[in-house]
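Subject: Structure handover and what was found in it

Hello,

My notes follow below it.

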Amino acid sequence: MRIDIVTIFPEFFDALDISLLGRAREDGILDVTVHQLRDYTHDRHRTVDDKPYGGGAGMVMKPEPWGEALDAILGEAVPDVAGGVEGSPMVIFPSPAGEVFTQAMARELSGAEHLVFGCGRYEGIDQRVFEYAGSRASVRLVSLGDYVLNGGEVAVMAMIEAVGRLIPGVIGNPESLVEESHEDGLLEYPSYTKPSTWRGHEVPPVLIGGNHGAIATWRREAQLERTRRVRPDLLPPE
């Protein structure tokens, strides 16, 4: 998978060189390029923001550098009748006004060949950038949740982590992905390892008994109990 990231803080993404994603980059599974948005400006101050039309607090990111950055990344894509491009890159902008990022979305995006992430700052990006990007590629505004961050970098890091680990070859044991939280709509069951007794706390006896059917039943019941207690909104209506 090819991933392009546009940001005014490229150093945020140095962490992509470590752990499983770093190994995936070394192995050629992930091809990640980070672009400095200021490289697409033409004034001596490398300005990327200006005052908002209509007044208000803060600054808004200007469309010109974003347009040039997207042109350089997207190349010669031709829009189709639906407004996107068949087989084109998916352009994702973190935004508190976007659809909520979920495990299902992460799995969907993990099948893409090319993802482009645009990291906004200040009071956001000029709306026309989203509209222009939508004429060149498929565009999604995506939110991590009902809160506001200082910029899009942290959100993009989280999305790349969630998407990247689902790409075949990134995780050593792909079976471990099947049993994780949210993969089947429920939270993951509790996990235990040795020793069986630790500071007065015991591992549930069923996990030590070797009865795999009983273990599977216990894990499913533990998933339902945890989901019911912590995230009842994930359960289907009765």
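How far apart do the C-alpha centres of domain 1 and domain 2 lie? They lie 36 Å apart. Domain 1 covers 2-172 and domain 2 covers 178-234; these bounds come from an automatic or database domain assignment.

Please keep in mind that this is a predicted model: local features need pLDDT of at least 70, side-chain atom pairs count only at pLDDT 80 or more, and totals for chains, interfaces and linings use all residues. Residues are numbered from 1 along each chain as its sequence is written, and side-chain values use heavy atoms, with hydrogens and water left out.

**Confidence**

pLDDT is the predictor's confidence in each residue, from 0 to 100. Its mean over the protein chain is 91. In all, 90% of the residues reach 70 or more. Strand 1 has the highest confidence, at 98. Helix 6 (residues 175-178) has the lowest, at a mean of 58. Treat residues 80-85 separately: pLDDT stays under 50 there. For that stretch the model has 15 contacts beyond four places in sequence, where contact means heavy atoms within 4.5 Å.

**Overall build**

The protein chain has 7 helices and 9 strands. Both are DSSP runs, numbered from the N terminus: helices are H or I with at least four residues, strands are E with at least two. The C-alpha atoms fill a box of roughly 70 × 40 × 40 Å, taken along the principal axes. Of the 238 residues, 38% are buried. Buried means under 20% relative accessible area, exposed means over 50%, and partly exposed is in between (1.4 Å probe, protein chains only). The accessible surface comes to about 13,900 Å², by the Shrake-Rupley method with a 1.4 Å probe. Carbon and sulfur atoms hold 52% of that surface. Among contacts with a separation of 6 or more, 75% join residues 24 or more positions apart.

**Helix 5 and the cores**

Helix 5 (residues 153-164) is mostly covered, with 9 of its 12 residues buried. Val156, Met157 and Ile160 are among them. The cover includes strand 1 (2-7), helix 1 (19-26), strand 5 (90-100) and helix 3 (103-109). Strand 6 (114-118) and strand 7 (138-143) are also included. The end C-alpha atoms of helix 5 are 16 Å apart, which agrees with the 16 Å that its 12 residues should span at 1.5 Å a residue. That expected span is 1.5 Å times one less than the number of residues.

The largest nonpolar core has 29 residues. Such a core is a set of buried Ala, Val, Leu, Ile, Met, Phe, Trp, Tyr and Cys residues joined through side-chain atoms within 4.5 Å. Ile5 and Phe101 touch the most other members. Strand 1, helix 1, strand 5, helix 3, strand 6 and helix 5 each supply at least two residues of this core. Helix 5 gives the most, with 7 residues. Apart from this core lies another, of 19 residues, among them Tyr40, Phe93, Val129 and Ala137.

**Helix 2**

Helix 2 (residues 63-74) has 12 residues. Its first and last C-alpha atoms are 16 Å apart, close to the 16 Å expected. Its buried residues are Pro65, Trp66, Gly67, Ala69, Leu70, Ile73 and Leu74. Strand 2 (31-36), strand 4 (60-61) and helix 4 are included in what covers them. Glycine 75 follows helix 2, with a positive phi near 70°.

**Local points**

- Glycine 98 is in strand 5. Beyond four places in sequence, glycine 98 contacts Leu141, Val142 and Ser143. Its C-alpha is 9.2 Å from that of glycine 145, 47 residues apart along the chain.
- Lysine 194 to proline 195 is a cis peptide bond, with omega near 5°. Proline 195 is in the loop between helix 6 and strand 8 (197-198).
- Serine 19, in helix 1, has a positive phi near 60°. Serine 19 is exposed, with a relative accessible area of 58%.
- Tyrosine 122 also has a positive phi, near 60°. Tyrosine 122 is in the loop between strand 6 and helix 4 (127-136), and counts as partly exposed at 37% relative accessibility.

Best wishes
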